[in-house]
Every structure is written in C-alpha cells, then in structure tokens.
Amino acid sequence: MKILLANPRGFCAGVNMAIECVEEVLKARGAPVYVYHEIVHNRHVVQGLQKKGVTFVDHIADVPPGSMLVYSAHGISPEIRRQAKARNLVEIDATCPLVTKVHMEVLRYAKRGYTIIFIGHRAHDEAVGTVGEAPDRIRVVESEQDVEQLDIPQDEKIAYVTQTTLSLYDAERIMKVLKKKFPNIINPPKEDICYATTNRQNAVMEISPEVDVVLVVGSQNSSNSRRLVETAQTAGRRAYLIDDASEVDFTWFNPNDTVLVTAGASAPDHLVHELIEQLIGRFGGDVETRTLIQEDIAFQLPKSVRRLAVVN
C-alpha cells in the first residue's frame with residue numbers, strides 16, 4: 001500500500017488557541033473549569049480535557065454562579081454573554097478570531113440597515129452564535145434551494161456572510177445563485193471561509209486524483225472534517241470519516257491501493273500517525289508526505305487568559 005499524507009492537516013491556529021486557553025485556565029485556577037459547548041468538535045480532545053477536570057455544558061444555567069467559564073472556538077451570541085454575567089461567571093473567550101471577524105461583519109451590516117444572508121449550517125454552534133448577533137436581520141441559507149425561496153424585496157440592502165468551515169465548492173455555488181437573484185448584494189470585504197478550511201480542502205482536491213481511497217481523521221460533528229470527505233467524493237474517490245484507527249474497516253481497501261490520509265482542523269495529529277501505523281502493519285508499504293502550503297499562522301491567547309497567568 002502507498003500512503004500519501006496531506007500537509008497541511010489537523011490542528012489550525014484557532015483550535016490550538018482554544019485548547020491552550022482551557023489548559024492555561026486549568027493551570028491557573030485548577031478544576032473544575034466549565035466550557036460552553038465542546039471547545040472544538042473532536043471527541044478525543046473533549047474526553048482528554050474531561051479527564052483533567054473540565055465540564056462541558058450546553059446551558060449557562062448548568063454552571064454554578066461565580067465559576068470560571070470558557071467559550072468554545074465556535075463563538076457565542078450576546079444572549080449567552082448576558083446569561084453568564086447574570087450568574088457572575090468569570091468569562092474566558094476562546095472564540096477563533098476568524099469567527100469573531102464574521103460576527104463583526106454582521107454587526108456592521110446590521111447597524112447600516114442591511115438584511116444579512118448567512119450561508120451555513122443553521123444548527124452548527126458557529127451559525128447559532130453568529131445569527132445571535134442580529135437575529136431579526138439574518139436569514140440562514142444552507143443550499144441553492146434555500147436561496148430561491150428567499151422573499152426579500154429587491155430594493156432592500158442585502159449582504160452575505162459565510163460560516164468559516166464550509167465547503168468551498170458548495171459556498172461558491174450558493175454565492176453564484178445569491179448574486180443572480182440579488183444583483184446588488186454586498187459580499188464581505190475579505191473571504192469568510194478560513195485559511196485552514198481552504199488549505200485542507202485544496203490539498204484533498206489536488207491529491208485525490210492520485211489515490212483510490214481517502215481517509216479523513218475527525219469527529220462526525222466536525223463541519224470542516226465532513227467537508228473534506230465531501231471534497232474527496234466530489235473528486236470521485238471513496239472517502240471515509242473516522243475518529244481514530246479503531247474505526248477502520250479493512251474491507252475498504254485492496255492491498256495495492258494508494259490511500260490519502262488527512263485530518264480535520266480539530267483532530268490531533270497523533271491520531272493520524274496511529275492510523276498510518278495500523279495501515280502499514282496490515283498492508284505494508286510506504287508513506288509519502290505531500291506539502292501543498294506551509295502554515296505559520298498563530299493566534300495570541302486572549303487578554304483574559306494572559307491576565308490569569310500574571311495573577312498566578
């Protein structure tokens with residue numbers, strides 16, 4: 001078996017920053033630490049932090065008054081902040097800066113009287129948080145069909161923003177329909193889909209023609225991981241999303257297959273290497289790393305975390 005290992009893959013700057021936020025809070029204050037929603041969408045990361053004393057909650061009412069609360073990388077709505085303040089919680093915001101950028105765009109458009117189209121998955125944590133910035137002014141679309149059903153008057157001011165973890169190809173199709181239906185629609189000044197999502201999808205699209213099977217390491221609730229599978233399938237390849245090596249079904253492969261291995265932006269790299277070890281142990285063969293672009297982006301920890309380190 002020949003294994004092509006995609007680079008870039010795995011943790012992005014936003015995920016690194018969010019996980020480090022929780023680790024630093026644990027170091028400074030000790031357990032328990034509460035996190036609103038999963039800090040990132042990966043089962044192994046969440047379970048690892050739970051073992052260290054982190055409690056993940058879906059409702060602010062589940063956090064004891066006065067406790068330390070970390071917001072996940074996906075961002076939260078102003079209503080959640082209001083509830084946290086009402087319970088006198090110590091707030092640590094681990095929202096990815098690229099998600100915050102979309103929130104700021106929504107606020108600017110809303111202030112200027114625009115109707116805002118949010119392209120994304122309405123049930124995703126990121127979408128819920130972003131829509132919460134201006135719920136009366138935002139319409140969510142997940143497909144071209146959703147766009148066709150919009151009944152916004154043509155004389156209204158309209159702008160669109162996107163979820164940061166969308167499929168590039170799906171987003172482009174939806175944007176094309178939006179611009180056809182609303183010729184005067186305003187687009188964000190800079191692309192909303194994040195660099196990590198873009199780089200990982202481009203790598204899969206470029207390498208997929210050389211392989212028989214694509215394996216994506218990531219959890220089922222990870223939007224960017226699921227988009228990698230869809231990207232491979234768009235290229236006509238068999239593709240599977242797995243949390244770790246234990247989920248591999250060896251009937252997926254022929255001994256002489258070429259396999260592309262990559263990972264979503266919230267998947268730890270040790271899971272990738274464990275997967276490769278299992279494949280080599282079963283089929284033998286070689287591993288070749290394919291680097292399409294070097295990522296050197298890093299985000300500074302938020303001031304709230306840095307202050308904790310100084311105090312302690």
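The open sheet here has 5 strands in the order β10-β9-β11-β1-β12, with parallel pairing. Strands (E, at least two residues) and helices (H or I, at least four) are DSSP runs, numbered from the N terminus. Two strands pair if DSSP finds at least two bridges between them. This is a predicted model: local features need pLDDT of at least 70, side-chain atom pairs count only at pLDDT 80 or more, and totals for chains, interfaces and linings use all residues. Residues are numbered from 1 along each chain as its sequence is written, and side-chain values use heavy atoms, with hydrogens and water left out.

The edge strands, each pairing on one side only, are β10 (238-242) and β12 (286-291). From one strand to the next, the twist averages 25 degrees. Angles run from 0 to 180 degrees between N-to-C directions, with axes fitted to C-alpha atoms, for helices over the stretch in contact.

Take one pair. Strand β9 (residues 213-217) runs parallel to β10, joined by 5 bridges. Val-216 has Leu-241 in β10 as its bridge partner.

Now the helices. α8 lies across β1 (2-7), β11 (258-263) and β12, at about 175 degrees to β11. α9 lies across β9, β10 and β11, at about 170 degrees to β10. Contact means heavy atoms within 4.5 Å.

How do α8 and α9 pack, and at what angle? Helix α8 (residues 195-207) and helix α9 (residues 223-234) pack at about 25 degrees, with axes 9 Å apart. That makes α8 roughly parallel to α9, a label for angles under 35 degrees. Among the residues that meet are Val-204 in α8 and Leu-228 in α9.

Key. Angles under 35 degrees count as roughly parallel, over 145 as roughly antiparallel, 65 to 115 as roughly perpendicular and the rest as oblique.
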